[in-house]
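Morning, everyone. Please bring up the structure on your screens. I'll start now.

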Amino acid sequence: MDCFDAIVAGSGPGGAFAAYGLRGKRVLLLDVGYDAAASPRLSGNVYDLRRTRDDLFPELIGENFESLHNLHDRPISLKLKSPLLSFVVRDWRSLTPIVSQTFEGVISLAKGGLANAWGAGVYRFTNRDLSGFPISNDDLQSCYDELVRHIGVSGANDDLEPYFGRDEALLPPLELSPLFSDLLARYERARDEFARAGAFVGRARLAVLTQPLNGRAAYEYENLEFFQPHIPAIYTPSYTIDQLRSEGAIAYLSGRLVERFQERAGCVEVHTRNIETNEMEVWRGRKLCLAAGTLNTARIVLQSAGDYATRLPVLDNPMACIPIFSLRRIGAGLSLNDSSLAQLNCVIEDRDSGEPVQGTLYGSTGPLRSDVLFTLPLSFRSNLTLLRHVAPAGGLLMLFYPGVESPRSYLRLSPSGELEVEFAECSGNPEIEGRIIRLLRRIGYLTHPALVQRPGMGQALHYAGSLPMRDKPGPYQTHADGRLAGTAHVHIVDGACFSRLPSKNLTFTIMANAMRIGRLLARGLS
Amino acid sequence: MSTVAPSLAAEALYLHQGLFGRAPEPVVIERYAAAHRKLFAGAGSDLIARMAARGLDVEAVEFALRRRGRGELTRKIQILCYLVEVRSSYQRYFVPLNPSRVRAARELAAAAVRSAWKLAKGEYLVRRHGLL
């Protein structure tokens with residue numbers, strides 16, 4: 001049987017950059033790999049399209065009424081229910097079933113994974129973020145730097161630099177919408193007061209191009225992020241997969257669900273199910289990089305061990321969503337340079353834990369109005385009026401708290417193949433929320449603690465820590481090079497190997513860590 | 001040839017007339033029925049049939065019922081709302097085509113008054129007609 005130097009399972013951020021780090025070796029990437037349908041693309045600004053195109057039903061609602069998903073099924077994010085983006089979560093429930101009372105997230109089997117619909121926030125982990133990891137920022141620095149050159153990161157070195165790290169290769173930041181341009185100007189005038197309160201605001205760092213790079217065009221402010229897949233300016237790992245394929249750096253096989261592995265002398269066998277024929281297939285590699293996503297990677301490991309008893313830990317960022325309003329913007333027109341990407345970030349120090357909480361500020365003009373209309377407090381027609389005039393004046397602050405380990409947050413495989421996933425309830429931190437609400441009010445942005453909403457656990461989609469890296473790993477833990485304890489050839493390269501989960505979006509660090517492990521393996525294979 | 005079940009067509013007509021003051025375009029009715037067939041077992045609503053027979057104010061009743069928790073009527077109006085939002089002829093309901101702070105202030109004040117009136121009327125209709 002043919003033996004590859006390395007087999008990579010999964011094409012999300014971990015898989016793409018493990019393969020990237022392994023360039024020069026014979027690499028097979030196995031993936032279910034659903035992709036967007038080859039349907040006509042939306043082109044133009046969302047407001048112009050809605051005024052000038054008689055009917056946007058196929059693109060915004062979908063011939064199968066995909067956008068009505070949350071009216072008849074467990075709610076998912078507004079992006080993921082959009083018809084052109086629904087491939088991101090296609091078939092996950094049937095192919096990788098989860099049973100849970102508390103888990104409100106999703107899994108992706110798409111080429112590029114959940115990052116096809118991500119917010120594109122990219123943040124370097126500092127040594128504070130990496131406390132508890134057996135690696136430091138120095139181990140990741142060169143990978144972060146190469147990533148910035150490869151994917152393109154826009155942003156600024158500003159008040160958030162102590163939290164996000166300095167980056168000399170940033171592209172200019174995105175233009176801010178009028179609402180957030182005003183908010184940033186007001187923050188800058190009140191900076192000292194914010195600093196005394198341990199709160200800081202700055203530009204979002206995004207994997208979004210503001211200048212052409214590596215054959216991709218700059219962002220065009222069409223505000224189609226809720227509806228359009230594969231916007232060239234917004235990076236997704238599928239771009240790297242396509243590049244590696246076109247360079248001949250990897251062999252890519254889609255339609256394969258990795259179910260388990262078995263170590264043999266000098267190699268590892270990977271057992272996949274062909275999702276078209278349902279037949280089992282076996283592939284051999286000298287190394288295996290598991291990057292099927294934190295939950296599915298843990299499933300593969302447990303399935304391979306035939307272990308239906310062990311509970312593994314699992315982390316996600318608890319969230320709080322705080323709507324904000326500016327009275328000055330009520331009645332304003334919609335801006336043609338708006339976007340649904342993160343506009344600003346904020347960081348608030350938690351004085352008790354010493355651990356910062358990160359927030360991201362979004363505009364409210366991207367989604368369909370029907371998604372939120374019935375959450376407003378007035379009658380139908382009055383809610384329409386309210387939305388029409390308040391949308392340009394409103395935004396959303398999404399606060400992300402560090403993931404918390406708890407015996408009640410765990411995953412376990414059942415003999416029937418379902419993954420049992422449960423999360424402990426997390427109530428957020430009212431003191432921190434109250435502090436940022438007071439500061440925002442101070443600069444003219446209205447909100448109230450009663451308006452704070454708490455999405456269910458799993459909705460952050462930042463799963464991590466099921467097979468954590470440790471200095472001295474025990475069973476179901478990993479070494480600093482991602483090698484799963486008790487194995488010789490199996491490496492964990494996605495969020496599963498994170499030792500902890502700070503409040504920052506982890507995707508950029510998944511990429512950097514996977515690239516680091518890929519490079520290490522490539523050197524070892526030499 | 002239309003394949004719309006009579007009850008769903010009547011439902012779409014009644015809801016749309018009550019909310020937008022005019023009959024919907026045929027394509028909206030077709031899609032309303034198709035959404036029910038695909039996602040909601042194709043059923044028309046007894047509640048809406050009763051409301052339509054008595055000519056009740058849709059907006060008022062929905063508002064009163066929504067305050068007790070979202071139910072079938074709210075869901076059906078939301079389906080209709082999704083279907084019209086993607087049509088250019090309805091954009092004036094969803095985005096400010098001629099933005100003005102003065103107009104916004106005037107319309108928001110009127111909306112608050114209208115909501116209070118609709119709530120009072122809805123509560124009365126819900127009790128008077130036993131719609132709970």
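First, the ground rules. This is a predicted model, where local features need pLDDT of at least 70, side-chain atom pairs count only at pLDDT 80 or more, and totals for chains, interfaces and linings use all residues. Residues are numbered from 1 along each chain as its sequence is written, and chains are lettered from A and ligands numbered from 1 in the order in which they are written.

Chain A, then. It has 14 helices and 16 strands. Those are DSSP runs numbered from the N terminus: helices are H or I with at least four residues, strands are E with at least two. The radius of gyration of chain A is 22 Å, close to the 24 Å from the globule rule for 526 residues, so chain A is as compact as a globular protein of that length. That radius is taken over C-alpha atoms, and the rule is 2.2 Å times the number of residues to the power 0.38. Along its principal axes, the C-alpha trace spans about 70 × 50 × 45 Å.

How much of chain A is buried? Of its 526 residues, 55%. Buried means 20 or more other C-beta atoms within 10 Å of a residue's own; exposed means 12 or fewer; partly exposed is in between, with C-beta atoms placed from the backbone. Now contacts: two residues are in contact if their C-beta atoms, placed from the backbone, lie within 7 Å. Take the contacts in chain A with a separation of 6 or more: 73% of them join residues 24 or more positions apart.

Next, a sheet. Five strands of chain A form an open sheet in the order E4-E11-E12-E13-E10, with antiparallel pairing. Two strands pair if DSSP finds at least two bridges between them. The edges are E4 (199-203) and E10 (319-325) of chain A, each pairing on one side only. E10(A) and E13(A), residues 394-400, share seven bridges. There, A:Cys321 stands opposite A:Met398. Helix H8(A), residues 178-189, lies across E4, E11, E12 and E13 of chain A, at about 40° to E11(A). For that angle, axes are lines fitted to C-alpha atoms, for helices over the stretch in contact, and angles run from 0 to 180 degrees between N-to-C directions.

Now one residue: A:Glu269, in strand E7(A), residues 267-274. E7(A) pairs antiparallel with E6(A), residues 256-264, over eight bridges. In that hairpin, two residues sit between the strands, and A:Gly266 takes a positive phi near 80°. E7(A) also pairs antiparallel with E8(A), residues 280-290, over six bridges. The bridge partner of A:Glu269 in E8(A) is A:Arg284. Five residues separate E7(A) and E8(A) in their hairpin, and A:Asn278 in the turn has a positive phi of about 70°.

Last, chain B. Here 37 residues of chain A are in contact with 41 residues of chain B. Helices H2 (46-52), H3 (57-61), H4 (69-72) and H12 (380-390) of chain A each supply at least two residues of chain A's side. Which helix gives the most? H12(A), with eight residues.
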